[in-house]
Amino acid sequence: MGRLGGVFRVTEGLQAEFGEQRVFDTPLAESGIVGTAIGLALAGWRPVCEIQFDGFSYPALDQVITNLAKYRGRTRGRASMPVTIRIPTGGGIGGPEHHGESPETYYAHTAGLKVVAPSGAAEAYRLLVASIRDPDPVIFLEPKSRYWTKESFDAEPGAEQLGRARIARPGEHATLIAWGAMAARCVQAAEAAAEDGVELEVIDCRTLVPLDLETIAGSVRRTGRAVVVHEAPLTAGFGAEISARLMETVFDDLKAPVLRVTGYDVPYPAAAVEKAYLPSLDRILTAVQQVLDHG
Amino acid sequence: MSSPTPEQERELYRLMALTRRLDQEAVALQRQGELTAFPPLTGQEAAQVGSAYALEAQDFAFPSYRELGVAIVRGIDPVEYLLAYRGDWNGGLYDPFAHGFGPIASSVGSHSLHAVGWAMGAALDGGGRAAIVYFGEGATSEGDVHEAMNFAGVFKAPIVFFVQNNQWAISVPLGRQTAGPIHRRAEGYGFPGLRIDGNDARGVYSTTAEALARARAGQGPTLIEALTYRVGAHSTADDPNRYRSPAEVDPWRAQDPMARLRQQLDDEAFCAGVEAENEARVAEIRARLVATPAPDPEEMFDFVYAEPPATLAAQREGLRQSLS
Amino acid sequence: MADYVFRLPDLAEGLEDAEIVEWRVKEGDRVELNQLLGEVQTSKAAVEMPSPRRGIVRKLHAAPGDLVKVGEPLVTFEVDDPGVVGRVPAEEAPPRRVHLRLKR
C-alpha cells in the first residue's frame, strides 16, 4: 500500500504526501503486521494496518485475539491499543478463493475489540476517522464490492462516535437490518418493495461492536417485523446475535419471528456461482413476504 | 567490549542471589497453596540478571513468563509480579511503563513481534532507546518469532533478541526442537547472531551491553543465544524425572552461575552478607503477598475498553446481583 | 485506473471505414455503459455508437468529418481498474422476480 497505493488504490498518494516513515509496506506477514502494530502502539504511535484481503486476516487472528484485544486488560488499563486494522471484506467482485470472506463474527466474538462495517464511501470516511481516533482496537471491514461506487457527502468528520446505527430508509411494514454491502442491497430491496406498496425500513448498523441496539430495537418495536441480511454464513453469523437481542428486548412487539437472509453454511464459493450464494433481491423479498404473512 | 566493574560485579551477585532466593520461595509458596503455579528459573540467573543489568532506564524489556530475574533488575515490585501466579491478574499487576518491563507473556513467542514494533516506534522517535525481548529455544519454533526477526532485519529495528536456550521446552529436548544452531539464523535475517555461555554473568553482561549499544546507535538488531540449562522443572506442575535423569542434569549443576560468580568475586564475607539481606527481603515479600486480599470478581469488567459499552455495564450489574 | 482503446468495429459486413458525423461526448466526460458516444456515417447508414465501457473519455481520436478505418482507434477511455483481482461490480439495478403483497 505504499508505492502501489494498495491493490484497490485506497491509499494512493498517501506515501507521497506523508513520507515513507509514516506510510510503508511491510514483509508479507499478517501476524507480523498486527504484532508490530501492537508494539508501535506501546511506543505511543497510532497505527493503521491494512490486511490485503479478508481471507488473509486469519494468520493474524492469534495476534488480534490473544494480544490486541487483551493488552489493555493485561496491563490494567496502562497500555492503550489505538490500532485500526482495515480489511477489504465480502464478496461480489468475482475474486478467487480467500478473497470474498465475511469474518465479522470472529472479531465480534472477541471482547476488547470494536468492529466497524461501513456501507459505502461516505460512511467509510466518517467511520474511519472515528475508528482511528478511538483509543481501542478497531477492526474496520471495508465492503470491497462498494469501492467503486462514488458518493457525494459533506467531508466534515465532526464528533462521530462509534456505536450509532442509522436509518438508511424509513418505512412502516417491516425492518431490514444489515451492514456493509448488504445495507445498500437492502435499500435496493426497499425500493423494489415500494413498487408493490410495501414500505420497508432499512437500518444500516454501521458498527457491530458496540451495537446500537436502541436504534435497531426501536425500529422493530414500531414495525413488528424484522429481517437481518448478511453475506457471512448463517450459523453463528452476527444475524443470530441481533435476532437474540431483539427477542430479549422487543418480544412482545414482534408480529413474526426475526428471519435471516445470509450466505449458506458452505465455504465461500467460486466466482462463477457467487451470485447464487450472496443474498439476492428475491431472497430478501421472499423473507419479507414471510414476515408479512405471519400470524 | 566493556566488562563489569568490581562494584557492578557485586551488584550482579546481589541481584542474582535475590533472584535465586525469591525463585525458591515462590516454589515453596506454591507448595504451600499460596500460589497456584510457578515456573522456576533455577540455573538461569546469570542469563537473566546479566543481560537485564545492561539495560538503561529508557530501554524496554519484553519478558516471556519465566523472567523473574529481569523483573527484579528492572525494579518491579516482586509482589505485583508474583500475584499473576496466584491467579490474581493475567500479566501481573505492575505498570509496564513505570519500569520499562512488559506484562508477563504466556503466549509463546507472540510477544517478540510487540518488542519489534516497540523498537520500530522508538526508532521513529529519533533513536537512543533499545528493546530486549526474552524467549526460550522452544519459542524459536513459532512462526511469530520468524516474522519478528524478519521485520527487525528489514526495518533495522533497535532490538536485542535474547534467547535463553535452557535446552528443554517442558519435556522436549533441544534436539527435537530444532535441527540447526539458533544463533546462526540471524545471518538469514541480515544481522549478527552469537552464542554465549549463558551461565557466565560477566560475559552475559558485556555481550548484552554491546548489543544494546549497537541498537541505540541505530545499527540494528542482534541475536544473542545464551546457552544455559533449566535445572528445575518447567513449572510447579511438571516432574522432569519423567523425561530426564538426574545424571543428565549434574554436569550443569557444576556450572551453576551463582557458584561461578561467587568464585570470581572471591569475597565470602560479602556473599554471606548478601544472603542475610535476602532472607529479610524475601520474608517481607512473602508477608505482603500472603496479606494481599483476593481480587474482586467485578474487576474482570475493568480495562476491557477505554469506556465500557452499555451492554458490558449491564452484564457487570448482573454479576454483582448474582454475587450479593 | 487503466486505459481501454475502443477501435471502430465492423458495423456492417465488410465495412472498411466510417465518417464521424458528430460527438455527443467530449474529452473528460464520464460515461456509462451504453451511453451514446456519437454518430458515424457508413456507406450503408448513419449509426449511433453506444459506449462499450463505463469510464472517462480520455481522447477522441477523430473529429467530425474525419474518416476512420475499421480497427483504428476511435475513443480511449480511462476505466475503473478492479485492482489485483476480480472485476468491478456492475452498477445496474439487480433483477427481481418476487413481488410483495401486504396482508389485509
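**Where the chains meet**

I started with the interface: chain B and chain A bury about 3,100 Å² between them, and 64% of that is on carbon and sulfur atoms. I keep in mind that this is a predicted model. Why did I look up area at all? The size of an interface is often given as the accessible area lost when the parts come together.

Next I asked which residues in chain B lose the most area to chain A. I found H114(B), L124(B) and Y305(B), which together make up 21% of what that side buries.

Then I looked up the contacts. I got 38 residues of chain B in contact with 40 residues of chain A.

**Charges and polar pairs**

How many salt bridges are there between chain B and chain A? I noted a count of one. In that salt bridge, the side chains of R76(A) and E299(B) meet, with 2.9 Å from N to O.

I also looked up polar contacts between chain B and chain A, and there I wrote down 17 residue pairs, both residues being at pLDDT 80 or more.

**What chain B brings**

I wanted to know which helices supply the side of chain B that touches chain A. I noted α5 (96-99), α6 (111-124) and α7 (143-155) of chain B, each giving at least two residues. The largest share comes from α6(B), with nine residues.

I sorted that side of chain B by class, too: it has 22 nonpolar, ten polar and six charged residues.

**The sheet in chain A**

Now I moved on to chain A. I found five strands in an open sheet, in the order β5-β7-β6-β9-β10, with mixed pairing. Which strands stand at the edges? They are β5 (166-169) and β10 (259-263) of chain A; each has a single partner strand, so one side of each is left without a neighbour in the sheet. I noted the twist as well, and it averages 25 degrees from one strand to the next.

I zoomed in on β5(A). It pairs with strand β7 (residues 200-204) of chain A in the antiparallel sense, over three bridges. There I spotted I167(A) standing opposite I203(A) in β7(A).

**Helices across the sheet**

Last, I checked what lies across these strands. Helix α7 (residues 181-195) of chain A lies across β5, β6 (174-178), β7 and β9 (226-233) of chain A, and runs at about 170 degrees to β7(A). I also found helix α9 (residues 238-250) of chain A, lying across β6, β9 and β10 of chain A and running at about 155 degrees to β9(A).

Notes:
Residues numbered from 1 in each chain as written. Chains lettered and ligands numbered in written order. Predicted model: local features only at pLDDT ≥ 70, side-chain atom pairs only at ≥ 80, totals over all residues. Heavy atoms only, no water. Contact = heavy atoms within 4.5 Å. Buried area = accessible area lost by both parts, 1.4 Å probe. Salt bridge = Lys/Arg side-chain N within 4 Å of Asp/Glu carboxyl O. Polar contact = N/O pair within 3.5 Å; in protein donor to acceptor, adjacent residues only side chain to side chain. Helix = DSSP H or I, 4+ residues; strand = E, 2+ residues; numbered from the N terminus. Nonpolar A, V, L, I, M, F, W, Y, C, P; charged D, E, K, R; others polar. Pairing = 2+ DSSP bridges. Axes fitted to C-alpha atoms, helices over the stretch in contact; angles between N-to-C directions.
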